[in-house]
Amino acid sequence: MKRKIIVDTDPGHDDALAILLAAQHFDLLGVTTVFGNQAVEKTTRNALQLLELAELVDVPVIKGNGKPLVQETRYGSYAHGKSGLDGPVLPEPRRSPRDGHASDFIIEMAHAHKKITLVPIGPLTNIALALRKDPSIVEEIEEISLMGGTTMVGNSTPVAELNVWCDPEAAHIVFTSGIPIKMVGLNLTRQTYADESVIEKFRGLGSNTGKAIAELLTFYTERVRKLFGLRGASLHDPCAVAWLIDPSLIEFKQMHVAVELQGKLTRGMTVCDQRNLPDTLTFGETDAIVPPQKPNAQVGITINVEEFINLLIDSISVYP
């Protein structure tokens, strides 16, 4: 039986690959949308256009939150353009989003199937809202595989990654929920990139979908080269899906991950405890070592890039 998943997303160029990868390998119950790479109205339209392109017209799209829980709204349009999915001309969607709010859809599917996986690859607002509305779904969510955070350098700030920085309070709710979490952060996802050779592999598929992905990645690569000086477009979001398809692709460490909410310079930082302190240590109140907390996430450290790219190409090759 295929794993039942919901992709919660803010398409987004790399989000597009993640959605198509998920639809090929899992029972994709729905695509829920959130603000992030652009306003939620645009990310919702982008999701509908992408599903239209790939002829995945039976996958429902449910619009979610257009702003974070607490802070002012920020967008990642610097990398993804005015539409959030600039580059190719995608087909006009022939359907509308399903009625209702993304958080309610998540709750509905959790109760209906009793064992679902969430793949949030944008700000975690919809997931946090669902957990607040109905805490009982914690028992019915098998796992969360998310793209967000970093153990090292950020992109939105020196220490914060975009998805977490857009709604740190939501990220805090998710990381403290008790649900098993897989985290792919910038420290891992920046090991992957789409340069001209990868883009040509997508174009060489000879399909409308392959051509559109190539055009998306061409736009995205040009943007991130100007912004960050990278060799190509980092394929952040599909890493969160690929880990579920083939766990051997990613080496991970168990860590406790906390989200910084108060720091003037560090708000939105994912504080990953990478210390190797022996279990036999005891700590007094005046000790200069803060005791470690129990790990709450598997944090991706390295990825087999060649196998990951092969997985993407093979998966996209089936689309029209």
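Trainee: Why does E55 count as exposed?

Mentor: Its relative accessibility is 58%, and the word exposed needs a value over 50%, so E55 qualifies. Do keep in mind that this is a predicted model.

Trainee: Where does E55 sit, and what is its phi?

Mentor: E55 belongs to the loop between α2 (40–53) and β3 (61–63). Its phi is about 60 degrees, a positive value although E55 is not a glycine. K114 is another case, with a positive phi near 65 degrees in a residue other than glycine. K114 lies in the loop between α4 (102–113) and β4 (116–120).

Trainee: What makes K2 partly exposed?

Mentor: The relative accessible area of K2 is 48%. Buried would need under 20% and exposed over 50%, so K2 falls in between. K2 is in the segment before β1. Beyond residues up to four places away in sequence, K2 touches Q24, H25, F26 and D27.

Trainee: Why is T209 called buried?

Mentor: The relative accessibility of T209 is 0%, and the cut-off for buried is under 20%, so the label holds. T209 is placed in helix α10 (residues 208–228). Setting aside neighbours within four places in sequence, T209 is in contact with L20, L53, A54, I316, Y319 and P320.

Trainee: How do you know that L20 is in contact with T209?

Mentor: A contact asks for heavy atoms within 4.5 Å, and L20 is listed among the contacts of T209.

Trainee: Which residues touch the most other members of the largest nonpolar core?

Mentor: F202 and L217 do, in a core of 60 residues. Helix α1 (residues 13–25) gives the most to this core, with 8 residues. F202 itself, leaving out neighbours within four places in sequence, is in contact with L17, G210, K211, I213, A214, L217, L312, I313 and I316. Another core, of 35 residues, lies apart from the largest one and has F105, A128, I144 and A170 among its members.

Trainee: How many helices and strands does the whole protein have?

Mentor: There are 12 helices and 10 strands.

Trainee: What can you say about its surface and its charges?

Mentor: The accessible surface comes to about 13600 Å², and carbon and sulfur atoms account for 51% of it. The protein has 30 positive and 39 negative charges, and their mean positions are 4 Å apart.

Notes:
Residues are numbered from 1 along each chain as its sequence is written. This is a predicted model: local features need pLDDT of at least 70, side-chain atom pairs count only at pLDDT 80 or more; totals for chains, interfaces and linings use all residues. Side-chain values use heavy atoms; hydrogens and water are left out. Helices (H or I, at least four residues) and strands (E, at least two) are DSSP runs, numbered from the N terminus. Accessible areas come from the Shrake-Rupley method with a 1.4 Å probe; for residues, only the protein chains shown count as cover. Lys and Arg count as positive and Asp and Glu as negative; His and the chain ends are not counted. The place of a charge is taken as NZ of Lys, CZ of Arg, CG of Asp or CD of Glu. Buried means under 20% relative accessible area, exposed over 50%, partly exposed in between (1.4 Å probe, protein chains only). A nonpolar core is a set of buried Ala, Val, Leu, Ile, Met, Phe, Trp, Tyr and Cys residues joined through side-chain atoms within 4.5 Å.
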